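Thanks for making the time this morning. Please have the structure open on your screens while I talk.

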Amino acid sequence: MISKDTLAIAKRMTFKRVLNLFRLRFSYWVAKHFKKIIPLGLPYAASIEPTTACNLGCPECPSGLKQFTRPTGRLNLGSHEKMLDELGNQLFYINYYFQGEPFLHPNFLGLISAANKRNIYTATSTNAHFITATKADEIVASGLDRIIISIDGLTQETYEQYRKRGELEKVISGTKHLIVAKKKAKSASPHIIFQFLVVRPNEHEIPDVFKLGKELGVDEIRLKTAQLYDYKHGNVLMPKNEKYARYKRLKDGTYMPKYKLLNQCWRMWSSTVLTWDGKVVPCCFDKDAQHVLGDVLSNPFKQIWKHKDYQNFRSAVFTDRQSIDICKNCSEGTKVWT
């Protein structure tokens, strides 16, 4: 059975968007099999960063830890319109999240409304601390299609071991407000996803997060493995059950990623990431924007997409991906070591 969320994406499809997707897929196939880096088409998806600010202090997040070398700020509405113009009308999916907490942006829902006017599917990810009953009504009215709510513990004790300075009760109440608002408006959107980041303090609660999600009436529950920066000699956040970890223990007691990097990555064709101040970076793993490929507020995006800097980065991914720092801890385009 096709979900309402899938249908919401399908409704955004036009002939031009389908044709562009076919061109992307074909040129990616050519790159994989013949190492010919010729990106036909433009990205169908983008991540746009509303703000780098965050109210929490999560231990594996540079935003929460205030460790960015790039400036903290928020996207203004004029720059956002420029971004949408530059990205093109073949784009049909925007994730309004990169780093930071989106709902700290005072005009966040204005960004959503602007994208909806262009028939673009919109999604975001939040810690849900700012979803009041009033805000929930506004979220539903904005037309936001999908919201991922991070719920990384089912007691305050387990929750705050990763979500530092966070309050579990606000996550639960924010979720309830959204569900009530959807029912009141008789709306199928936003599609509500509980995302449970599995770490050692909370892995025993995995069965219960599915029970809670069902009781509350969320649309979907997802488990997510944690990206850890310091993993070689183990990490207090690393789950004991290796099924839920991105790393495996070696005979000498050290750890390594359990995925083998392949010299390929669909994201180099399908999507792009824009920081709040217009910098174009290759993907969401470049959290501190160390691989800036252009500035969409100063140069045409089509020019940036096909520029030698973007091409050189794609070529590196398809020839020696292991040499790229942000790729080493990534699970995209990988296979499990055997």
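Predicted model: local features only at pLDDT ≥ 70, side-chain atom pairs only at ≥ 80, totals over all residues.

Residues are numbered from 1 along each chain as its sequence is written, and side-chain values use heavy atoms, with hydrogens and water left out.

Helix 2 has 20 residues and reaches 28 Å from its first C-alpha to its last, close to the 28 Å expected at 1.5 Å a residue, the expected span being 1.5 Å times one less than the number of residues. Its buried residues are R17, N20, L24, S27, Y28, V30 and A31. They sit on the same side of helix 2, because they cover an arc of only 155° around the axis. Here buried means under 20% relative accessible area and exposed over 50%, with partly exposed in between, for a 1.4 Å probe and protein chains only, and the arc is that of the directions from the helix axis to the C-beta atoms. The face turned away from that buried side carries the exposed residues F15, F22 and F34. The buried residues of helix 2 pack against helix 9 (267–270) and helix 11 (308–320), and just after helix 2, K35 takes a positive phi of about 55°.

In helix 3, residues 77–87, the buried residues are S79, H80, M83, L84, E86 and L87. Seen down the axis of helix 3, these fall within an arc of 165°, so they line one face of the helix. Their cover includes strand 1, strand 2, helix 4 (108–116), strand 10 and helix 10 (301–305).

Helix 10 is also the place of I304, which is buried, with a relative accessible area of 5%. Leaving aside neighbours within four places in sequence, I304 is in contact (heavy atoms within 4.5 Å) with V280, L293, G294, D295, V296, N299 and Y310. For I304 and V280, 24 residues apart along the chain, the C-alpha atoms are separated by 8.3 Å.

On a 1 Å grid over the protein atoms alone, a cavity is a set of points where a 1.4 Å probe fits but cannot get out, a pocket is an open set with protein on both sides within 12 Å along at least five of seven lines, and lining residues have an atom within 4 Å of a point.

How much space lies in the largest pocket? About 1500 Å³. Of the 50 residues that line the largest pocket, N95, Y97, K224, R267 and C284 are the closest to its centre.

The second largest pocket holds about 360 Å³ of space. Of its 18 lining residues, Q227, Y229, F285, D325 and I326 are the closest to its centre.

Finally, a search of the whole structure finds 1 cavity of 30 Å³ or more, and about 80 Å³ of space lies in the largest cavity. Among the residues lining the largest cavity are C265, R267, F285, F313 and I326.

Key
Helix = DSSP H or I, 4+ residues; strand = E, 2+ residues; numbered from the N terminus. Points joined across faces, edges and corners; volume = space filled by probe spheres on them.
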